[in-house]
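Thanks for coming, everyone. Let me put the structure up, and then we will walk through a few places in it.

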Amino acid sequence: MDLILKYFPDLTERQKEQFAALPELYGDWNAKINVISRKDMDNFTEHHVLHSLAVAKVLQFKTMADIMDLGTGGGFPGIPLAIMFPDANFYLVDSIGKKIKVVQSVAEQLQLKNVTAEQIRAEQVERDFDFIVSRAVTDLSQFVGWVKGKISDTHYHKLRNGIIYLKGGDLEAELAPFRKKVRLFDIADFFEEPYFETKKVIYMPLQ
């Protein structure tokens with residue numbers, strides 16, 4: 001919790017309880033299903049929870065905002081963001097059923113009423129959202145194809161509706177087709193841990 005409070009000191013007591021419960025919940029699940037790399041569990045809070053919360057440094061989701069976490073895996077970034085923004089609605093989807101089972105269990109145990117999780121492929125989702133978030137599930141060009149037509153044209157955040165994507169490494173070639181549209185945020189500007197030195201939040205409006 002100290003690491004999260006270092007950057008988000010104004011959490012409610014309920015949020016503190018929920019964040020504090022995450023390592024044990026995921027540790028228990030990881031013993032049954034390899035949702036997270038076992039070696040990565042040693043850095044779970046930094047590499048998964050805090051990394052997910054970089055989105056919250058870029059944009060504050062408003063009450064009743066609709067956000068889809070596409071390719072959520074074990075629930076990242078969706079679960080930490082749902083804790084951070086209890087008044088927004090989060091739809092966490094993945095094509096792998098055992099991962100969605102974990103997400104549903106974690107959301108239930110944390111009593112996250114603002115989370116719905118479903119095993120479904122991107123092209124089967126037939127509704128739209130204010131923002132679609134994800135954490136490096138594929139090349140951005142392919143991802144944009146997956147979510148085309150799934151962004152609401154009603155805007156009420158400081159950023160126009162679109163994609164908020166977490167990814168690291170050399171992104172120059174991948175982002176070249178979108179150079180005039182994307183906006184990059186260096187996560188190292190938000191968090192001082194060396195792990196974040198090459199990681200970015202990619203924002204792209206789609207309406």
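Met41 counts as buried, at 19% relative accessibility. Buried means under 20% relative accessible area, exposed means over 50%, and partly exposed is in between, with a 1.4 Å probe and protein chains only. Where is Met41? It lies in the loop between α2 and α3. A word on those labels: helices are DSSP runs of H or I with at least four residues, strands are runs of E with at least two, and both are numbered from the N terminus.

What does Met41 touch, leaving aside residues up to four places away in sequence? Its partners are Pro23, Tyr26, Gly27, Asn30 and Ile36. Contact here means heavy atoms within 4.5 Å. Take Gly27 from that list. Gly27 and Met41 are 14 residues apart along the chain, and their C-alpha atoms are separated by 7.4 Å.

Before I go on, the ground rules. This is a predicted model, so local features need pLDDT of at least 70 and side-chain atom pairs count only at pLDDT 80 or more, while totals for chains, interfaces and linings use all residues. Residues are numbered from 1 along each chain as its sequence is written, and side-chain values use heavy atoms, with hydrogens and water left out.

Next, helix α3. This helix covers residues 44-58, which is 15 residues. From first C-alpha to last it reaches 22 Å, close to the 21 Å expected at 1.5 Å a residue. That expected span is 1.5 Å times one less than the number of residues. Where does α3 bend? At Leu50, by about 35°. The bend is the angle between axes fitted to the seven residues ending at a residue and the seven starting there. α3 is also mostly covered, with 13 of its 15 residues buried.

Now the charged pairs. How many salt bridges does the structure hold? Seven. A salt bridge is a side-chain nitrogen of Lys or Arg within 4 Å of a carboxyl oxygen of Asp or Glu.

Start with Lys6 and Glu192. Their closest N and O atoms are 2.7 Å apart. Lys6 sits in helix α1, residues 2-7, and Glu192 in the loop between β6 (183-186) and β7 (199-205), so this pair ties together parts 186 residues apart in sequence. Lys6 is partly exposed at 40%. Glu192 is exposed at 61%.

Lys6 has another partner, Glu193, with closest N and O atoms 2.9 Å apart. That pair also links distant parts of the chain, 187 residues apart, from the loop between β6 and β7 to helix α1. Glu193 is buried, at 11%. Put together, Lys6, Glu192 and Glu193 are linked in a network of salt bridges.

Another salt bridge joins Glu13 and Lys16, at 3.2 Å between the closest N and O atoms. Both are in helix α2, residues 13-32, three residues apart, or about one helical turn. An α-helix has 3.6 residues a turn, so residues three or four places apart point the same way. Glu13 is exposed at 53%, and Lys16 is partly exposed at 25%.

Last stop, Ser105. Ser105 lies in helix α5, residues 97-109. Is Ser105 buried or exposed? Buried, at 16%. Its side chain makes a polar contact of 2.8 Å with that of Gln109. A polar contact is a pair of N or O atoms within 3.5 Å; within protein, one must be able to donate a hydrogen and the other to accept it, and residues adjacent in sequence count only if both atoms are side-chain atoms.
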